[in-house]
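Please read the points below with the structure open beside you. They take up helix packing, then a sheet, and finally a single helix.

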Amino acid sequence: MVKERARILVVGGGYVGMYTALRLQRKLKAELRRGEVEITVVTPDPYMTYQPFLPEAAAGSISPRHVVVPLRRVLGHCHVVIGEATSIDHAARTATVTTLASADAGRAELLGYDELVLAPGSVARALPVPGLAEYGIGFKTVEEAIGLRNHVLEQMDIASSTRDPAIRDAALTFVFVGGGYAGVEALGELEDMARYAARYYHNVRAEDMRWILVEASDRILPEVGAEMGRYTVTQLRRRNIQVLLGTRLESCAGRVAVLSDGQRFPTRTVVWTAGVRPHPLLAATDLPLTDRGRLRCTARLTVEGTEHAWGAGDAAAVPDVTAAGPGTLTAPNAQHAVRQARVLGDNLVHALRGEPLETYAHAYTGSVASLGLHKGVAQVRGRRLKGYPAWFMHRVYHLSRVPTVNRKARVLAEWILSGLFKREIVSLGSLEHPRAEFELAAGGKHLDDPKGSS
């Protein structure tokens with residue numbers, strides 16, 4: 001039994017937030033039933049996004065509904081608040097939260113708590129590149145993934161319907177910035193989809209499209225090792241994808257991508273996946289942070305030097321006790337986040353019951369990456385896999401990790417159906433502006449692109 005009634009506030013509904021709350025409601029089932037514990041989850045979205053499936057959702061292999069997990073369904077014993085935590089005063093045990101209702105009323109709400117789990121995750125690290133804010137496309141949410149799919153297909157429609165070579169070339173040039181998981185997998189899947197879709201256009205061939213990957217360092221996919229990274233570069237170049245290493249995007253103003261090596265590419269598509277940074281909420285707290293803005297945590301997932309505060313995932317700097325050298329931190333990835341959430345949930349229960357805490361220790365086992373249909377790379381426990389075996393392992397691994405049996409079954413069914421039938425190549429850009437046609441009919445302002453996402 002818990003020593004006294006506890007109000008637990010979980011900030012964030014991503015990997016750490018959802019899995020921690022799920023662990024807590026399982027471990028504290030009796031206490032929740034007796035009213036001794038109250039769990040509140042504050043998150044800007046009513047779902048958790050399984051980000052490794054975003055590239056396949058963008059390629060149309062998985063429905064976007066099956067890439068997300070509805071929080072209210074899986075966290076039935078928690079109070080889910082859809083809103084944004086804007087600041088936290090841990091000394092006073094209060095969090096300032098802006099919800100949809102409070103935004104309409106013009107004032108924020110204060111939520112009190114006894115135990116804080118701070119897991120807001122990370123946001124895209126957007127550099128001050130001219131034109132990036134106006135023309136760049138992110139790839140971190142399911143909305144961005146589906147919007148990018150619509151955008152790529154619309155560019156093919158534009159190229160097919162114009163005789164202007166400048167417009168056509170810009171529409172068929174796709175620039176991806178960032179050689180990590182998100183950039184390489186998104187590029188691989190979308191190039192695969194566009195190559196397939198080209199067969200249904202009478203005047204657009206796969207060879208007409210230009211795909212460019214820009215990476216500032218001298219390698220891509222560092223998580224799978226140097227050898228697999230070089231193999232990936234070779235495979236992408238065999239698909240006529242330009243891989244530019246040691247190169248930066250200097251500007252994309254005026255729909256022209258200007259690179260640090262002097263090359264210029266007129267393009268209507270610039271996808272930005274060049275890293276992430278800690279959530280801005282961390283700077284609006286009175287909790288200790290590292291030089292890079294991450295939450296300073298211990299190996300027990302408590303906030304360093306602070307009682308009743310916990311952290312894990314992308315937003316937390318957690319010591320890696322399995323590393324040989326001191327001062328090493330766990331990598332900010334999904335593999336660590338999911339495992340940290342379980343230990344964090346258990347330790348919070350231990351703390352409430354006056355029991356000793358556990359130390360988080362997990363040796364990194366390896367990485368898998370998809371490069372398109374039936375193509376991939378993997379390095380698992382020292383073994384290297386390429387091509388179809390790596391792609392198959394990528395699917396098996398992530399199918400085993402996606403939350404809930406419901407989602408596993410739906411994703412597996414879609415994979416089976418996609419193997420039996422042809423790809424869908426329909427762009428539903430009008431979903432992003434559903435009222436555009438009615439507004440125009442009602443005499444509203446005419447949009448330059450009333451149905452598209454471009």
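1. In this predicted model, helix α7 (residues 142–160) packs with α9 at an angle of about 35°, and the axes of these two helices are 11 Å apart. The crossing of α7 and α9 is right-handed. On the side of α7 the contact is made by Leu148, Arg149, Val152, Leu153 and Met156, while α9 contributes Leu190, Met193, Ala194 and Ala197.

2. An open sheet is formed by 5 strands, which follow one another in the order β10-β17-β11-β12-β13 with parallel pairing. Its edge strands, each of which pairs on one side only, are β10 (136–137) and β13 (241–245).

3. Helix α9 (residues 181–197) also packs on this sheet, where it touches β11, β12 (210–215) and β13, and its direction makes about 175° with that of β12. Helix α10 (residues 226–238), for its part, lies across β12 and β13 and runs at about 140° to β13.

4. Within the sheet, strand β11 (residues 173–177) and strand β17 (residues 269–272) run parallel and are joined by 4 bridges. Trp272 in β17 is the bridge partner of Val177.

5. Helix α12 (residues 387–401) consists of 15 residues and reaches 21 Å from its first C-alpha to its last, which is close to the 21 Å expected at 1.5 Å a residue. Which residues of α12 are buried? They are Gly387, Ala390, Trp391, His394, Arg395, His398 and Leu399. Seen down the axis of α12, these buried residues fall within an arc of 165°, and therefore they line one face of the helix.

Conventions
Residues are numbered from 1 along each chain as its sequence is written. This is a predicted model: local features need pLDDT of at least 70, side-chain atom pairs count only at pLDDT 80 or more; totals for chains, interfaces and linings use all residues. Side-chain values use heavy atoms; hydrogens and water are left out. The expected span of a helix is 1.5 Å times one less than its number of residues. Buried means under 20% relative accessible area, exposed over 50%, partly exposed in between (1.4 Å probe, protein chains only). The arc is that of the directions from the helix axis to the C-beta atoms. Two strands pair if DSSP finds at least two bridges between them. Contact means heavy atoms within 4.5 Å. Axes are lines fitted to C-alpha atoms, for helices over the stretch in contact, and angles run from 0 to 180 degrees between N-to-C directions. A crossing is left-handed if the near helix is turned anticlockwise from the far one by less than a right angle, and right-handed if clockwise.
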